Amino acid sequence: MHMSKKALAALLAAPLLLITACSSSSSSSSSSGTTTNAASGQCPYTFAFITHGDNGSFWSVVYKGAKDGAADLGCKLSEVYGSQQQGQAEPDDNAENAQIQDAINAHVNGIAVSDHDPSLMNATIAKAVAAGIPVVMLNAGCDPTDLAATKAITCVGQPEQVAGQQAGAQFKSEGVTNVLCVIHQSGQNLLDRCNGIAQALGTGSTCSTGSAPKSGPGCTELILSTPNAASNPQQADKQVVSYLQAHPQINAVMTLNNAIAGALITALGSGAKAKIATFDLNSTVVTDLQNGSLDFAIDQQQYLQGYLPIVTLMLYLKAHGNSVSPGQVLDTGPLIVNKNNVSTVESAINAGQD
Amino acid sequence: MEVKPQDPGGADRTAVAVADGTGAGGAAPARKDERLVQVGPLTRLMQRPELGALMGVIAIFLIFGGFDATANHLWFTQTGLAAWTQQAAFYGIMAVPVGLLMIGGEFDLSAGVMTGATAIVMALLVGHLHWNAWLAIVGTLVFAALIGLLNGFVVVKSKLPSFIVTLATFFVLRGVSIGGVLLINHGSTQVSLTGTSFPGLASAKDVFGSSFASSSSLPSGYQTEVLWFIAVTVLGAWVLGRTTFGNWIYAVGGDANAARNTGVPVGRTKILLFMSTALAAGLVGIISFTQANSAVSEQGVGYEFYFIIAAVVGGCLLTGGYGSAVGAALGACIIGMAFQGVIYAGWDSSWDFAFLGIVLFLAVMVNTFVYRRAQTARR
């Protein structure tokens with residue numbers, strides 16, 4: 001057992017090292033090409049990769065992680081699904097649920113899935129497990145109750161309340177405690193982030209809605225109502241700007257999507273009075289962190305949320321049920337990135353890996 | 001000569017009729033020719049298709065003024081005006097040509113994604129190919145016009161409903177805006193400018209993506225987008241009300257066959273309407289790119305519905321043949337006010353969509369009420 005754990009660690013680390021080793025070369029396709037040849041035959045499995053994601057800058061990195069993982073190990077991905085790609089402005093939980101069922105019917109060897117709506121999907125995921133298909137969850141549903149209910153192997157992701165709590169603690173340490181939490185689409189995972197902020201500020205277990213308190217500490221949610229806010233941040237941020245005009249006492253804004261943060265910084269210009277922080281990184285976030293217009297960003301290293309489920313599923317099948325973090329969350333975040341440590345994540349972002 | 005004064009205006013009308021020499025003299029003293037009935041200026045005003053929408057705008061403006069919960073009543077200040085006009089301008093630049101297209105009896109479901117696709121084209125031309133910004137603007141408008149031409153040509157030639165044809169365009173453009181950008185842009189869906197030197201961009205930004213009339217009470221000023229909104233509205237109203245082409249629009253939307261029989265070039269009219277919608281989308285794309293210096297895949301998706309809503313709230317009929325450009329612009333103002341007003345009102349934002357629904361319904365109720373009163377007043 002001791003030996004197998006070591007071997008397991010080596011197996012886990014090998015592709016990661018390869019990636020790190022190759023990230024300095026400009027072409028990522030050549031790196032995955034060589035590793036595919038080296039590794040082909042090691043992984044005779046087909047996996048379904050099903051999420052509630054769209055094709056935005058966040059999820060495209062997750063998909064890249066999944067595709068790189070499959071290519072490096074020689075596994076097949078039956079298809080990379082995101083329920084939000086199919087014409088909706090919001091994740092389509094029924095469609096995602098149907099995709100899980102399709103994967104069961106297709107007898108794939110393993111399923112990686114984001115448990116975006118546990119009340120709907122837990123039963124379907126449990127069905128997959130009962131049918132003998134190992135499931136690894138990613139990004140959403142990363143909490144022990146859902147893992148217990150579904151009997152999924154593990155969940156690769158960022159516990160959202162913990163991430164919110166860290167953000168709240170960061171605000172508190174900077175002395176800004178009247179926080180506006182901007183919600184761009186529905187989903188329990190986003191509400192959990194805001195609730196975490198409220199918990200860290202000590203204003204209760206949930207972030208409140210409605211008007212912000214006259215003075216901090218306070219956490220107030222603003223649910224954007226302009227259409228398709230994440231891909232139309234300019235329109236959405238007009239509402240945020242108006243909210244800040246109406247509530248000048250707000251001294252910190254937390255956006256849950258980096259495009260919303262970027263457009264908010266542009267919209268407020270030099271007139272920004274509140275500190276702005278965001279979840280998730282991209283190249284604009286890096287620039288904004290460097291020039292100080294963005295206070296900090298929460299990195300959940302979503303490339304790993306694509307890559308690790310593939311590795312975990314393969315090992316589970318290959319190594320007779322071995323897995324890391326069984327029944328518990330395998331954390332990829334939160335990592336607080338600010339001016340001081342932004343240089344360490346910059347190259348990963350430029351390589352499309354963060 | 002004896003006329004029973006049937007209504008207070010009766011005496012006047014008779015006088016006119018008599019002076020005309022044709023009217024209610026002689027054998028049938030009480031009968032009047034209804035074509036000769038003079039209507040008062042108030043009734044005539046009420047019969048304008050945009051009046052209902054104007055009443056809706058005033059009603060919504062006052063309602064949000066009443067509910068304004070901000071400390072210094074921002075709604076009635078320049079800050080409030082700037083907030084909702086910039087929101088309205090985005091919808092309005094599209095709602096006017098979309099309204100004209102609806103009067104002409106057609107829909108364009110690709111209008112939303114086109115505002116984003118053109119922004120991406122502009123971003124790629126400036127950021128990746130390093131074109132002069134003004135040349136990129138021309139390129140973007142040509143791209144838009146070609147999409148509009150394609151939409152119009154396929155609708156006219158295939159005789160398929162425009163709902164289907166432009167739905168296909170919508171999905172194709174959406175797919176290309178994701179896949180194409182990911183391909184060109186090294187896996188990122190946001191096209192932003194890196195570096196500093198982009199020839200012509202500063203002057204293009206002044207014209208399209210800047211602000212004006214900033215003052216001590218309103219440091220950020222009003223968006224230049226608002227001026228474009230006004231310009232598009234004036235142009236739309238002029239085309240619809242004062243030109244032959246405007247008459248053709250009503251004719252093809254009212255009854256295409258009858259229009260064709262009277263010599264109206266139905267196909268050409270519809271193609272031009274699709275092209276003007278696409279060009280307006282190009283303008284919005286240029287404006288949003290110059291405002292943000294970036295464009296995102298799938299930008300604009302979902303907005304096609306709101307452009308149609310603005311036109312309908314402003315009194316354009318879904319069935320075609322009736323409506324006005326100013327009405328569509330006013331409809332856009334109502335949407336702009338709704339999105340900003342709910343924020344100032346300080347209502348719980350998780351209920352926003354419910355408020356939006358009620359506000360839009362109220363606006364249409366006021367519009368319809370005024371319209372029906374006007375119809376009755378005619379008789």
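**Figure 1. The largest nonpolar core of the predicted model.** In this predicted model, the largest nonpolar core holds 177 residues. Val182(A), Ile197(A), Ile93(B), Ala95(B), Phe307(B) and Ala310(B) are the members with the most contacts inside this core. Helix α4(B) gives the core its largest share, 16 residues.

**Figure 2. A close look at Ile197(A).** Which residues does Ile197(A) touch, once those up to four places away in sequence are set aside? Its contacts are Gly164(A), Ala167(A), Gly168(A), Val179(A), Cys181(A), Cys207(A), Cys219(A) and Met254(A). Two of these names, Cys181(A) and Met254(A), come back in the strand view below, where they stand opposite one another.

**Figure 3. The open sheet of chain A.** Here we look at seven strands that form an open sheet with mixed pairing. Their order in chain A is β7-β8-β6-β9-β10-β11-β13. At the edges are β7 (208-209) and β13 (335-338) of chain A, each of which pairs on one side only. Of its 354 residues, 60% are buried. Among contacts in chain A with a separation of 6 or more, 69% link residues 24 or more positions apart.

Figure 4. Strand β9(A) covers residues 252-255. Ala252(A) and Met254(A) point one way from this strand, while Val253(A) and Thr255(A) point the other way. Are these four residues buried or exposed? All are buried. Strand β6(A), residues 178-183, pairs with β9(A) in the parallel sense over four bridges. Strand β10(A), residues 275-279, also runs parallel to β9(A) and is joined to it by four bridges. Follow Met254(A) through the view: Cys181(A) stands opposite this residue, and Ala277(A) is its bridge partner in β10(A).

**Figure 5. From strand to helix to strand in chain A.** Strand β9(A), helix α10(A) and strand β10(A) make a right-handed β-α-β unit. The helix of this unit spans residues 258-268 and is mostly covered, with nine of its eleven residues buried. Those buried residues are Asn258(A), Ala259(A), Ile260(A), Ala261(A), Gly262(A), Ala263(A), Leu264(A), Ile265(A) and Ala267(A). Just after α10(A), look for Gly269(A), which takes a positive phi of about 55 degrees.

**Figure 6. Where chain B touches chain A.** How many residues does each chain bring to the contact? Chain B gives 42 residues and chain A gives 34 residues. On the chain B side, at least two residues come from each of α4 (78-103), α7 (162-184), β1 (190-192), α12 (266-292), α14 (325-344) and α15 (352-378). Sorted by class, this side of chain B has 18 nonpolar, 21 polar and three charged residues.

**Figure 7. Helix α9(B) from end to end.** Helix α9(B) has 19 residues, 224-242. At 1.5 Å a residue these should span 27 Å, and the end C-alpha atoms are 27 Å apart, so the two values agree. The buried residues along this helix are Thr224(B), Glu225(B), Val226(B), Trp228(B), Phe229(B), Val232(B), Thr233(B), Gly236(B), Ala237(B) and Leu240(B). An α-helix has 3.6 residues a turn, so residues three or four places apart point the same way. Chain B as a whole has 15 helices and four strands, and 51% of its 379 residues count as buried. Residues 24 or more positions apart make up 76% of the contacts in chain B with a separation of 6 or more.

**Figure 8. The surroundings of Ile309(B).** Ile309(B) lies in helix α13(B), residues 304-313. Why does Ile309(B) count as buried? It has 20 C-beta neighbours inside 10 Å, and 20 or more is the cut-off for a buried residue. Apart from neighbours within four places in sequence, Ile309(B) is in contact with Ile335(B) and Leu360(B). Gly99(B) is 210 residues away from Ile309(B) along the chain, and their C-alpha atoms are separated by 9.6 Å.

Technical notes. Residues numbered from 1 in each chain as written. Chains lettered and ligands numbered in written order. Predicted model: local features only at pLDDT ≥ 70, side-chain atom pairs only at ≥ 80, totals over all residues. Expected span 1.5 Å × (residues − 1). Buried ≥ 20, exposed ≤ 12 C-beta atoms within 10 Å, placed from the backbone. Pairing = 2+ DSSP bridges. Right-handed = clockwise from strand over helix to strand, strands pointing away. Contact = placed C-beta atoms within 7 Å. Nonpolar A, V, L, I, M, F, W, Y, C, P; charged D, E, K, R; others polar. Core = buried A, V, L, I, M, F, W, Y, C linked by C-beta atoms within 7 Å.
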